[in-house]
Amino acid sequence: MGKKRPRSKSASPVPTTPSSAGGGARATAMTSKKKKISGGAGRGNPRTLADTDSLERVPSALGRTVRTVAAAPSEGDLVVARLRKEVCNRFGFSLSASLASDAVAGTAPPSSSKSSVVRTRLLVGSNACTRALESAAGRRRGAPPPSLAVLARDVRPPTAMSHIPALCRDVGTPLLLLPGKASVELGRALGARSAAALIFLPRPKDYGEKKVKEGGGMSKDDRICHRGIDSFVQYAKSKIPE
């Protein structure tokens, strides 16, 4: 028998330990998982309203993504506190009175002249806010849009409110997005369980004291109330991140 030729060292297979093989598989799986997440609608720009997972990124009718930066938590707390003190408490406005009156047919909510003014300037809820923005979009140019929109970022599902940022962009209404549990805090300020969307309408034209004496125009109390609401709106606008 002939002698066996020795194997060449270069031809010997490289040993693969189970640990190294498992680690490579795990790394590959993690890489593919990251690619899947980064490519999904949640992390990228949503293509439809159904893909929206945050009110900070919502699609518009033109196919563009409307981005809204939420206010800092401390700034959001200040806005809610000021709404409670300088609008709700000062002018006696509460949603609980309106809800109680709705439960009893034929009764009107107990309100003063000032709280009635607040009701003409402040709209609460997704449906009311949507109607106001759509109405502003349908008006002729030159008509003033709503002065301010306030949204709570913690609303679930976000698709319930995802159309509002795009409408605000279309009509030119400033939007303040509040972080944290803003829907609960806004609800407490307004006398309700929760409130996720607010719209402040512009101040109506004042025809002066002469019209008041003739049965129209604004009274002194009405002017005070309007000035208070305008002051809050300007303050809230200053808290919108640039």
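Helices are taken here as DSSP runs of at least four residues, numbered from the N terminus, and in this predicted model serine 183 is found in helix H7, which covers residues 182-190. Serine 183 has a relative accessible area of 11% and is therefore buried, the cut-off for that term being under 20%. When its neighbours within four places in sequence are left aside, serine 183 is in contact with Ala152, Asp154, Ser194, Ala195 and Ala196.

Strand S4 (residues 148-152) runs parallel to S5, to which it is joined by four bridges, and within this pairing leucine 151 has leucine 177 of S5 as its bridge partner. Together with helix H6 (residues 163-171), S4 and S5 make a right-handed β-α-β unit.

Distant parts of the chain are linked by the pair, since phenylalanine 200 lies in strand S6 (residues 197-200) and phenylalanine 232 in helix H9 (residues 220-238), 32 residues apart. Phenylalanine 200 counts as buried because its relative accessibility is 1%, and phenylalanine 232 is likewise buried, with a relative accessible area of 1%.

A further ring is involved with a charged group: the charged end of arginine 82 sits over the ring of tyrosine 235, at 4.1 Å from its centre.

Key. Residues are numbered from 1 along each chain as its sequence is written. This is a predicted model: local features need pLDDT of at least 70, side-chain atom pairs count only at pLDDT 80 or more; totals for chains, interfaces and linings use all residues. Side-chain values use heavy atoms; hydrogens and water are left out. Helices (H or I, at least four residues) and strands (E, at least two) are DSSP runs, numbered from the N terminus. Buried means under 20% relative accessible area, exposed over 50%, partly exposed in between (1.4 Å probe, protein chains only). Contact means heavy atoms within 4.5 Å. A charge sits over a ring if NZ of Lys or CZ of Arg is within 6 Å of the ring centre and within 35 degrees of the ring normal. Two strands pair if DSSP finds at least two bridges between them. A crossover is right-handed if, with the strands pointing away from the viewer, the path from the first strand over the helix to the second runs clockwise.
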